[in-house]
Amino acid sequence: MNKEKTNMNTRREILAGMGLATLGLIGLNAAWQGLSSKMPSSSATNWNGRDILSDTPLPNVTLYTHEGEAVRFYDDLIRDKVVAINMMYAQCAGICPKATANLLQVQNMLGERVGHDVFMYSITLQPEQDSPKKLKQYTDQHGIKSGWKFLTGAPEDIELVRFRLGFFEREIDLDKVKENHTGMVRIGNAALNRWSMAPALSEPQQIMATINHLDPKVVHTFHEKHG
């Protein structure tokens, strides 16, 4: 009976993820359309002094983990991976701690898949304040387990990553409010170039379902067992 119940729950999660993925793709497409509308027609033009058009779908800037490791954003963190990414900052007294606690439940549900099949990243919106040491303190305070990386870097690189991931508001005044960028989780399968999104405070099972929908290993395993 427990096995049947688990199988039914897994099926519900995958089906729910398909629905969330559809909504997420709509939101992501809107974000990319907004990005495209801001992009100049000439690839020689820079945004904030950085190239916004490149050979890779996401920038390959150097960021630093909460453990002090230097990583290339696209090559080391994104390429050929299933990822879940949110924006946060350590001094936040609003949504950030709640989102972190919610995503910690997702990490617990993923178990050993984190760092192997699924990669979780949280990127600070205040790199000037959030050094790797500060982020390490944040992870210790919130009980974050291994496999989930918190990232900082040069302010212009963080801004470029934020913008290219679609964490921005089209109105400049709204875009300056950091809290406006902490409410969503960008979920993607870079190998298949499939991207979705989910609210950071939605039920952990819903976030998990969206991740599962984009992880071909889970989908194939489900169909093999129930096909």
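Among contacts (heavy atoms within 4.5 Å) between residues at least 6 apart in sequence, 71% link residues at least 24 apart. The model is predicted, with local features needing pLDDT of at least 70 and side-chain atom pairs counted only at pLDDT 80 or more, while totals for chains, interfaces and linings use all residues. Residues are numbered from 1 along each chain as its sequence is written, and side-chain values use heavy atoms, leaving out hydrogens and water.

Of the 227 residues in the protein, 45% are buried, meaning under 20% relative accessible area with a 1.4 Å probe, protein chains only. Eight helices and nine strands are found; these are DSSP runs numbered from the N terminus (helices H or I, at least four residues; strands E, at least two).

Seven strands form an open sheet in the order 4-3-7-6-5-8-9, with mixed pairing; two strands pair if DSSP finds at least two bridges between them. Strand 4 (70-72) and strand 9 (194-199) are the edge strands, each pairing on one side only. On average, neighbouring strands of this sheet are turned by 30° against each other, direction ignored. Strand 5 (residues 82-88) and strand 6 (residues 118-124) run parallel and are joined by seven bridges. Met-87 stands opposite Ile-123 in strand 6.

Two helices meet these strands. Helix 4 (residues 132-142) lies across strand 3 (62-65), strand 5, strand 6 and strand 7 (148-153), at about 150° to strand 7. Helix 7 (residues 204-214) packs on the sheet and touches strands including strand 8 (184-189) and strand 9, its direction making about 175° with that of strand 9. Such angles run from 0 to 180 degrees between N-to-C directions, with axes fitted as lines to C-alpha atoms, for helices over the stretch in contact.

Methods: Buried means under 20% relative accessible area, exposed over 50%, partly exposed in between (1.4 Å probe, protein chains only).
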